Amino acid sequence: MTESSPIIQLGNPILRQKATWVDNIHDESVQQLIDDLIATVAKANGVGIAAPQIAEQKRLFIMASRPNSRYPNAPEMEPTATINPRIVAHSTEVVKGWEGCLSIPGIRGLVPRYQAIKVEYTDRNGKLQKQEFTDFVARIFQHEYDHLDGIVFVDRLENTLDMITEQEYQNRVVNKT
């Protein structure tokens, strides 16, 4: 049975390192890592998680958008293993949107991201995927992709005034009080 893994927190030097290429997608340890990440993101109510967040320096992340307490308006998608991803094109339009991070609990930020991206990645079966993502799913991809290069969302903030606590986010943005 797959168990969730501990999520490392901001300040752990692993979060600031560049992840390494996954050579053998079919290796049992890589497949187990994918299962662990899927279990971990579900347990933590996240919409995505990157391998470095559980101290595995691999170019691999999971996108798992679904409505939950942290993201009540998130679109529904199956958890998707994204291995050795690349952003091959992006829109000129940049939009700001609220992001949080399982490795930075209690803080949200208004982060500028490309509105649309074209990507390539290998799926867990070793098949090359080419897709276009927009809006919230594009934001998830870019957020998790940053983790593979040692970047966290607070690095992308234009201003510290664009930060808010999770409690204020829930009150002002989710519940609009």
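Helices (DSSP runs of H or I with at least four residues) and strands (DSSP runs of E with at least two) are numbered from the N terminus. The model discussed here is predicted, and for this reason local features need pLDDT of at least 70 and side-chain atom pairs count only at pLDDT 80 or more, whereas totals for chains, interfaces and linings use all residues. Residues are numbered from 1 along each chain as its sequence is written, and side-chain values use heavy atoms, with hydrogens and water left out.

On a 1 Å grid over the protein atoms alone, a cavity is a set of points where a 1.4 Å probe fits but cannot get out, while a pocket is an open set with protein on both sides within 12 Å along at least five of seven lines; lining residues have an atom within 4 Å of a point. Grid points are joined across faces, edges and corners, and a volume is the space filled by probe spheres set on the points. One cavity of 30 Å³ or more is present in the structure, and the largest cavity holds about 140 Å³ of space. Its lining has 17 residues, of which Val47, Tyr71, Gly100, His143 and Glu144 are the closest to the centre. At least two lining residues come from each of strand S4 (94-101) and helix H2 (135-148), and H2 gives the most, with six residues. In the largest cavity the lining comprises seven nonpolar, six polar and four charged residues.

The largest pocket has a volume of about 250 Å³. Among the residues of its lining are Tyr71, Gly97, Trp98, Phe136, Arg139 and Tyr169. S4, H2 and H3 are the elements that give two or more residues to this lining; H3 contributes the most, namely three. Eight nonpolar, two polar and two charged residues make up the lining of the largest pocket.

Gly97 belongs to strand S4. The exposure of a residue is described by its relative accessible area: buried means under 20%, exposed over 50%, and partly exposed in between (1.4 Å probe, protein chains only). Gly97 counts as buried because its relative accessibility is 13%. Contact means heavy atoms within 4.5 Å. Apart from neighbours within four places in sequence, Gly97 is in contact with Gly109, Leu110, Val111 and Arg139. The C-alpha atoms of Gly97 and Pro112 are 6.5 Å apart, although 15 residues separate the two along the chain.

Charged side chains form further links. A salt bridge is a side-chain nitrogen of Lys or Arg within 4 Å of a carboxyl oxygen of Asp or Glu, and by this rule there are 14 salt bridges. One of them joins Arg16 to Asp155, with the closest N and O atoms 2.4 Å apart. Arg16 lies in the segment before helix H1 (28-43) and Asp155 in the loop between H2 and strand S8 (163-165), so this pair ties together parts that are 139 residues apart in sequence. Arg16 is partly exposed, at 40% relative accessible area, and Asp155 is likewise partly exposed at 40%.

Arg113 takes part in a salt bridge with Glu99, whose closest N and O atoms are 2.8 Å apart. This pair links distant parts of the chain, since Arg113 is in strand S5 (residues 104-114) and Glu99 in strand S4, 14 residues apart. Both Arg113 and Glu99 are buried. Arg113 also forms a salt bridge with Asp146, again with closest N and O atoms 2.8 Å apart. Because Arg113 lies in strand S5 and Asp146 in helix H2, the pair ties together parts 33 residues apart in sequence. Asp146 is buried, as is Arg113. A network of salt bridges links Glu99, Arg113, Arg139, Asp146 and Arg156.

Glu166 is found in helix H3 (residues 166-174). Its side chain is joined to that of Arg108 by a polar contact of 2.6 Å. A polar contact is a pair of N or O atoms within 3.5 Å; within protein, one must be able to donate a hydrogen and the other to accept it, and residues adjacent in sequence count only if both atoms are side-chain atoms.

How values were computed
Nonpolar A, V, L, I, M, F, W, Y, C, P; charged D, E, K, R; others polar.
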